[in-house]
Amino acid sequence: KPSTISLYPQKMKEISVLSFICSCLYPETHKNIMDMDIKPINKRASGQAFEVILKPTSPVSDAAHCVTTPPKRDVSLEDIQKKLEAAEDRRRSQEAQVLRALAEKRDHERDVLLKAMEENSNFSRMAEEKLQVKMEQNEENRQAYLSAMMERLQEREKHAQEVRRNKELREEVTA
C-alpha cells in the first residue's frame with residue numbers, strides 16, 4: 001500500500017496540472033493561479049509534514065503552456081465530394097467483401113454436402129456389394145448342403161436295397 005507521503009505530492013501535482021489545463025482553456029479568468037512545489041519533510045511522530053512552495057506563474061510560462069488549436073481550413077465542395085466518394089468506395093468494398101465471404105461460405109457448404117452425399121453413396125454401394133457377396137455365399141452353402149444331403153440319402157437308399165437283397169437271398173437259401 002503506498003504511503004501517504006508519496007500520495008499527497010502526487011495529488012497536489014494533479015491539482016496543479018488541473019489548474020494548468022484550466023489556465024490554458026480560460027487564460028483570462030485564471031491569471032492569478034500560482035504554481036506549487038510540494039516537498040515532503042521527514043516523517044514525525046505527530047504525522048506527516050510537507051513544505052508547499054507557491055510561485056506566481058510568469059507570463060512567459062503561460063504562453064509556453066497554452067496549447068493552441070490549429071486554425072480550421074476552409075473545406076471546399078470538391079473536398080467534400082472526394083470524401084463522400086471515398087466513403088462510398090469503402091462501403092462498396094466492404095459490401096463486396098461481405099458478399100465474397102458469403103459466396104465462399106455457400107461454396108464450402110455445397111462442397112461439404114456433395115462430399116457427404118458421395119460418402120453416403122459409396123457406403124450404400126459397398127453395403128450392397130457385401131450383401132450380394134453374402135447372399136451368394138449363403139446360396140452356395142445351401143446348395144452344397146442340399147447336395148450332401150441328397151448324396152447321403154442316395155447312399156442310404158443303396159445300402160437299404162443291398163440289405164433287402166441280402167435278406168431275400170438268405171430267405172431263398174433257407175427256403
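Helices and strands here are DSSP runs, helices of at least four residues and strands of at least two, numbered from the N terminus.

**Figure 1. Order of elements in the predicted protein chain.** The model is predicted. From the N terminus, the elements follow the order α-β-β-α-α, which comes to 3 helices and 2 strands. Of the 175 residues in the chain, 5% are buried. The chain exposes about 16,300 Å², with 57% of that area supplied by carbon and sulfur atoms. Among contacts with a separation of 6 or more, 38% are between residues 24 or more positions apart.

**Figure 2. Confidence along the protein chain.** The mean pLDDT is 81, and 63% of the residues reach 70 or more. Where pLDDT is low, the predicted coordinates should not be read in detail.

**Figure 3. Residues 77–104, annotated as a coiled-coil region.** The annotation comes from an unreviewed UniProt entry. In the model this segment is 100% helix and 0% strand.

**Figure 4. Nonpolar surface patch of Val75, Ile80 and Leu84.** Together these three residues have about 270 Å² of accessible area. Valine 75 belongs to the loop between helix 2 (59–65) and helix 3 (77–174).

**Figure 5. Salt-bridge network around Arg92.** The network links Glu88, Asp89, Arg91, Arg92 and Glu95. Arginine 92 pairs with glutamate 88, with 3.7 Å between the closest N and O atoms, and with aspartate 89 at 3.4 Å, N to O. Both pairs lie in helix 3: glutamate 88 is 4 residues from arginine 92, and aspartate 89 is 3 residues from arginine 92. Each spacing is about one turn of the helix. Glutamate 88 has 27% relative accessibility and therefore counts as partly exposed. Aspartate 89, with a relative accessible area of 46%, is partly exposed, and so is arginine 92, at 48%.

**Figure 6. Salt bridge between glutamate 129 and arginine 125.** The two side chains meet at 3.9 Å, N to O. These residues are 4 apart in helix 3, so about one helical turn separates them. Glutamate 129 is partly exposed, at 41% relative accessibility. Arginine 125 is also partly exposed, at 41%. The structure holds 7 salt bridges, this one among them.

Notes
Residues numbered from 1 in each chain as written. Predicted model: local features only at pLDDT ≥ 70, side-chain atom pairs only at ≥ 80, totals over all residues. Heavy atoms only, no water. Patch = residues over 30% accessible without salt bridge, like charges linked within 9 Å, V, L, I, M, F, W, Y side chains within 5 Å. Areas by Shrake-Rupley, 256 points an atom, 1.4 Å probe, with all protein chains shown as cover. Salt bridge = Lys/Arg side-chain N within 4 Å of Asp/Glu carboxyl O. pLDDT = per-residue confidence, 0-100. Buried < 20%, exposed > 50% of the residue type's maximum accessible area, 1.4 Å probe, protein only. Contact = heavy atoms within 4.5 Å. UniProt positions renumbered as here; feature names shortened; annotations may be inferred.
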